[in-house]
Amino acid sequence: MYRYDEFDREFVLARVAQFSDQVRRRLSGDLTEEQFKPLRLMNGLYLQLHAYMLRVAVPYGTMNSVQMRRLAHIARKYDHGYGHFTTRQNIQFNWPRLDETPEILSELAEVEMHAIQTSGNCIRNVTADHFAGAAADEIADPRVYAEILRQWSSLHPEFSFLPRKFKIAITGAPNDRAAVQVHDIGLQLARNEEGETGFTVYVGGGLGRTPMIGRKVRDFLPEADLLAYTEAILRVYNLYGRRDNKYKARIKILVHETGLEELKADIEREFEAIRGGILTLPKDEVDRIEAYFAPPVFKAPGDESHFAAAIETMPGFADFAQRNLNEHHQPGYTSVTISLKPIGGAPGDASAEQMDVVADLAEKYGHDEIRVSHEQNLVLPHVLKADVPAIYQVLKEHGLAEANAGLVTDIIACPGMDYCALATARSIPVAQRLSERFGTPERQKEIGDLKIKISGCINACGHHHVGHIGILGVEKKGKEFYQITLGGSADEKSSIGEIVGRGFSYEEVVDAVETVVDTYLNIRSGEEEDFLQAYRRVGETPFKEALYGTQ
Amino acid sequence: MMKVVTANRLFDGEVVWLGAGGRWVEDLGEAHVLETKEAEAEALEEGAASADRQEVVDVYSIDVTVEEGVLIPVRFREQIRAAGPTMRLDLGKQARRRVNAA
């Protein structure tokens, strides 16, 4: 894992001191709310419906057990005993007090954590594949480059006042698990014919009120040019991105309005001017950062007879092993998805006790590594297959063993109107009701791979546009109203879902989704054809007819 | 018309409403109901002055109504603000009310 050097440590401590002083001046009246708001947002502190909300960064979703225990401690001491893991691989605390946030940030700094760049019109925390460094299909560990981008982007003076926020995602495998094509910049690690490492680069993807799939601007960008090329993209965006209209300020609009070829030419021109200069990545610096992410010292494969026996004898374990394990590159190892989607639970929520349990498991079985996935689950990336039954047993005792990774109840949902000041409808209760509706193991298994994603407003934090079934909550005549989109996806073949027809009330929406699911079960060519494949084969007509009748 | 003035308390973000005598109250039931445009304008001014004293932030007025003798906000969003998350009845004002009632 990455460890802070002297510079990082001083930087984070200085920021804590600075923010403590800003809070003091706000409370004493030396700063007005207007002056203070951008300062608190730069430190991840929002004011939501019921209270302040603190968003803590988990860079590229990686942390260790000490950090997880600290999050649990903060949940207990400063909040109501829980936290919410988000689609940005971060964690949010829903009830901190303003006057206590300096103390929280200082407790976080002690374990090399912070809330910097979790808000504001800057380059946000870089997100990455949650199986980074572990997955069998990986070309190289994307976190090395995510960390290099973090170091380059933190407080970058030229890019601290961008037209709008800017999100970069990176994946190290051909199977994209980081949704790179719906980010402002998406990077997919690749190897060229000479076997050198580089990146396929996408620009201008994004969700929100104008969803767009990123456009490919480079098939293969050499590793050494990563920063120079990224800087060139940011410069073009900073210069030409719209500042007159907040809703048209993201780079996706610039790509759309300028046209891909012209924008690409602008980027290449800027790149030519700075390439080969100070931003060229030296190989020894890449190697130095890579050393931080060196794989743990793997053990020899354990006695896997327990695993095989548990499949036969341990209730629920066969399903868990089938759904929640991801193939590891190391023989005898696997990655375990810890679902934060218990049937009827709030997606992404974890109690302080559960955080401690995961920390203990990571320490005991998982080489002290934990990941947060953008699908709002946790991951133990490196565990011996032989240890999985023991891990499962502990998870089960703490409500963390739901065998639903990638299934219909593994729902992404934003906080929605239960917490969020921007929301126009609730998301979490819709997710909970859907989870209960489809929650039996038999029903979930019958339906197979299906991603439902729910947002409580047009800003699309719940990624509804790229849900196989997407649900967008809006307010209509004072009531919550839910629009359904079908056929979205956020993998290497990303697509934006299409609105299927008029929306549904809060009461109706769960039935409507069940109608969609039942329609899929009726029309699929066989069990091996999943929802998305079936939708792509037949289009929206049968779903439309099932929902609205044949008109 | 029936309105009340609301805000969030600066130091902890708690939802509050303007009560009698310009005091901020944590329970909507104790809020001062405004029945004229003039009364609303006056209350908003009072709220703004309080914001200037670093007591609250985000002062605005909301529509309220009375149902079965209980004051409730008209907009659903404001109903949630007045109670707490709808799926966590153990949190927010609704939880405190339950504790008080027990």
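Visitor: What makes strand 19 and strand 20 of chain A a pair?

Guide: Two strands pair if DSSP finds at least two bridges between them. Strand 19 and strand 20 (residues 498-499) of chain A have two bridges, in the antiparallel sense, so they meet that cut-off. Thr485(A) sits opposite Ile499(A) in strand 20 of chain A. Strands here are DSSP runs of E, at least two residues, numbered from the N terminus. By the way, this is a predicted model, where local features need pLDDT of at least 70, side-chain atom pairs count only at pLDDT 80 or more, and totals for chains, interfaces and linings use all residues. Residues are numbered from 1 along each chain as its sequence is written, and chains are lettered from A and ligands numbered from 1 in the order in which they are written.

Visitor: Which strand does strand 19 of chain A form a hairpin with?

Guide: That's strand 18 of chain A, with two residues between them. Lys477(A) in the turn has a positive phi of about 50°. Eight bridges join strand 18 (residues 469-476) of chain A to strand 19 of chain A, running antiparallel. Val474(A) has Phe481(A) as its bridge partner.

Visitor: And what stands opposite Phe481(A) in strand 21 of chain A?

Guide: Ser505(A) does. Strand 21 (residues 504-505) of chain A pairs with strand 19 of chain A over two bridges, again antiparallel.

Visitor: Why is strand 19 of chain A called largely enclosed?

Guide: A residue is buried if 20 or more other C-beta atoms lie within 10 Å of its own, exposed if 12 or fewer, and partly exposed in between, with C-beta atoms placed from the backbone. Seven of the eight residues of strand 19 (residues 479-486) of chain A are buried, so the rest of the structure largely encloses this strand.

Terms used: Helices (H or I, at least four residues) and strands (E, at least two) are DSSP runs, numbered from the N terminus.
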